Amino acid sequence: MNNSIELEGVTKRYGSVHALDRVDLTIGSGITGLLGPNGAGKTTLLRILATVLAPDSGATVLLGRDPAMSDDRTEIRRRLGYMPQEPGFYRNFTVFEFVDYVGILKQITDRSQRHDEVRRVLDHVDLTEVARRKIKALSGGMRRRLALAQALLAHPDLLLLDEPTAGLDPEQRLRFRAVVSQLPNRPVVLLSTHQTEDVVALCERVIVLASGVVRFDGTPMTMTEAARGRVWTATEQDIGALLSWRMGDGKFRHIGDPPAGAAQAEPTIDDAYLLLAGRDALTVAS
Ligand SMILES: Nc1ncnc2c1ncn2[C@@H]1O[C@H](COP(=O)(O)OP(=O)(O)O)[C@@H](O)[C@H]1O
Ligand SMILES: [Mg+2]
């Protein structure tokens, strides 16, 4: 079985906005982070991979199949789990009913087998106790977990998670990491985020997207190393820097092209992210 996704020259435009501009990617098993500021094109990319949206041009092969072909698309949908950034829930469904309904859409036709699977995923995200509660009566954190639970149904080979940690408190975030890092059978997991901590904690590979273009593709460690030699500190602010800010100890940290003799600092993944995504990244960080 071919467990990978391949994109070649994938482009999606909204009017004059290039949400994705000739994206080439091959992604295999394991957790890959899709890191980028707001408006980078992350959701557009995940929607294309979830077969919700078709690209304007370019080729896509998902799990060895062509999403433009109806039979292939059905097969892809059976094998994928998608946690949208803003799930449209049926507010009057109970938690159990909603996940059961997604199971029906995924064509798990045997009722008792499907119900077992619903109970398994609800237990996995710790929602068993509210299984009979209506969705409209859930807290925000519970809704995020419900969105994750339905994506985990039937052990997908391709798991797409759009900003899954947004709005979670630190404890919920740890629980989320535990669930995603311990999935059996090593599915292809693509997780979008604008937080570098998620990438460091979970991802073996990181793709930085900005303005619809892939700016970096590699390990979190190589990403950090890409900033080496481009970070320095000084007692005075250097206006030649791309970006600079005052740290807790009163010194200024700068990124960009350091002047001769600058005191170089150890780079972090945040420095690398700022260098790659530029000012767009700051609008999210602030
Ligand atoms: N349905 C849409 N109609 C018009 N513009 C859109 C639509 N969806 C996304 N865009 C635009 O495409 C760009 C990428 O958006 P999106 O994929 O949502 O980025 P991200 O998820 O990284 O924040 C943004 O400029 C956004 O405003
Ligand atoms: Mg988005």
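Predicted model: local features only at pLDDT ≥ 70, side-chain atom pairs only at ≥ 80, totals over all residues.
A neighbouring set of contacts can be read alongside it. A polar backbone atom of A40 is 3.1 Å from an oxygen atom of ligand 1, and an N or O atom in the side chain of T43 is 2.8 Å from an oxygen atom of the ligand. Taken alone, ligand 1 exposes 550 Å², and the protein buries 60% of that area.

The surroundings of ligand 1 consist of Y14, V17, A19, P37, N38, G39, A40, G41, K42, T43 and T44. Helix α1 (42-49) and strand β2 (17-27) each contribute at least two residues to this shell, with the largest share, three residues, coming from α1. By class, the shell holds five nonpolar residues, five polar residues and one charged residue.

The largest pocket has a volume of about 590 Å³. It is lined by 23 residues, of which Y82, V102, L105, K106 and Q150 are the closest to its centre. At least two lining residues come from each of α2 (70-78), β5 (80-83), α3 (95-105) and α5 (140-152), and α3 gives the most, with four. The lining comprises 13 nonpolar, six polar and four charged residues. Both domain 1 (1-79 + 157-218) and domain 2 (86-155) take part, each supplying at least three residues to the lining of this pocket.

Terms used. Residues numbered from 1 in each chain as written. Chains lettered and ligands numbered in written order. Heavy atoms only, no water. 1 Å grid on protein atoms, 1.4 Å probe; cavity = no way out; pocket = protein on both sides within 12 Å on 5 of 7 lines; lining within 4 Å. Points joined across faces, edges and corners; volume = space filled by probe spheres on them. Nonpolar A, V, L, I, M, F, W, Y, C, P; charged D, E, K, R; others polar. Domains from an automatic or database assignment. Near = heavy atom within 4 Å. Polar contact = N/O pair within 3.5 Å; in protein donor to acceptor, adjacent residues only side chain to side chain. Areas by Shrake-Rupley, 256 points an atom, 1.4 Å probe, with all protein chains shown as cover.
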